[in-house]
Amino acid sequence: MSYVSRMCARLLVPSAWPLVAALLVAMAAKALSDLPVASGGAPVWPDLPGLLVLLGVGASTLYYLVQMVRLLRWQRGHGDSCYVCGCLLGRETQGRRGTYRRCLGCGKPHSS
Ligand SMILES: [Zn+2]
């Protein structure tokens, strides 16, 4: 796996987490909503699982678009990049020796 593909994976894979979380919450909401159905009643919240999935799709899409804009800016030479491999730098983090940003490709820390 090259540094660039590792950087793309680190940028884009987390955009699926809101959808996965929304699917899990929607499954739980569906199970809770259908509890009265077993005793002959109607579902309590029939539209809630679908709305939760839509919310997850929206959040994942928004996160994906933000990360793609970062990737496109990096392709055009904007933004901070690693001096070792040239990949994008991650978010600023507080460490023992001050603030630093970790490279999304090679993983090396860069002080900022
Ligand atoms: Zn690097």
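1. Ala-16 is partly exposed, with 13 other C-beta atoms within 10 Å. A residue counts as buried if 20 or more other C-beta atoms lie within 10 Å of its own, as exposed if 12 or fewer do, and as partly exposed in between, with C-beta atoms placed from the backbone. Ala-16 sits in the loop between α1 and α2. Between its C-alpha and that of Gly-41, 25 residues away in sequence, the separation in space is 35 Å.

2. The structure is a predicted model, in which local features need pLDDT of at least 70, side-chain atom pairs count only at pLDDT 80 or more, and totals for chains, interfaces and linings use all residues. Residue numbers start from 1 along each chain as its sequence is written.

3. The protein chain contains 3 helices and 3 strands. Helices (H or I, at least four residues) and strands (E, at least two) are DSSP runs, numbered from the N terminus. Read from the N terminus on, the order of the elements is α-α-α-β-β-β.

4. The C-alpha trace spans about 65 × 35 × 25 Å along its principal axes. Of the 112 residues, 13% count as buried.

5. Contacts can also be sorted by separation in sequence. Two residues are in contact if their C-beta atoms, placed from the backbone, lie within 7 Å. Among contacts between residues at least 6 apart in sequence, 41% join residues at least 24 apart.

6. Helix α3 covers residues 48–75, which is 28 residues. From its first C-alpha to its last, α3 reaches 40 Å, close to the 40 Å expected at 1.5 Å a residue. The expected span is 1.5 Å times one less than the number of residues in the helix. Gly-77 follows α3 and has a positive phi, near 95 degrees.

7. Which residues of α3 are buried? They are Pro-49, Leu-52, Gly-56 and Trp-74. These buried residues pack against α2 (17–33). As background, an α-helix has 3.6 residues a turn, so residues three or four places apart point the same way.

8. The axes of α2 and α3 are 8 Å apart, and the two helices pack at an angle of about 175 degrees. This angle makes α2 roughly antiparallel to α3. Axes are lines fitted to C-alpha atoms, for helices over the stretch in contact, and angles run from 0 to 180 degrees between N-to-C directions. Angles under 35 degrees count as roughly parallel, over 145 as roughly antiparallel, 65 to 115 as roughly perpendicular, and the rest as oblique.

9. On the α2 side, the residues that meet α3 include Pro-18, Leu-19, Leu-23, Ala-26 and Lys-30. On the α3 side, they include Leu-48, Pro-49, Leu-52, Gly-56 and Tyr-63. By class, this contact of α2 with α3 has 16 nonpolar, 3 polar and 1 charged residues. Ala, Val, Leu, Ile, Met, Phe, Trp, Tyr, Cys and Pro count as nonpolar, Asp, Glu, Lys and Arg as charged, and the others, Gly among them, as polar.

10. Helix α1 (residues 3–12) also meets α3: their axes come within 9 Å and cross at roughly 150 degrees. The crossing makes α1 roughly antiparallel to α3. Here Cys-8, Leu-11 and Leu-12 of α1 meet Tyr-64, Gln-67, Arg-70 and Leu-71 of α3. The residues of this contact divide into 5 nonpolar, 1 polar and 1 charged.

11. The loop between α2 and α3 holds Ser-39 and Trp-45. Ser-39 is exposed, with 6 other C-beta atoms within 10 Å, whereas Trp-45 counts as partly exposed, with 14 C-beta neighbours inside 10 Å. Leaving out residues up to four places away in sequence, Trp-45 touches Ala-29 and Ser-33. The C-alpha atoms of Ser-39 and Leu-12 are separated by 44 Å, at 27 residues apart along the chain.

12. Where is Cys-106 found? Cys-106 lies in the loop between β2 (98–103) and β3 (109–111). Cys-106 is partly exposed, with 14 other C-beta atoms within 10 Å. Neighbours within four places in sequence aside, Cys-106 is in contact with Tyr-3, Cys-82, Val-84, Cys-85 and Cys-87. From Cys-106 to Cys-85 the distance is 6.7 Å, C-alpha to C-alpha, at 21 residues apart in sequence.
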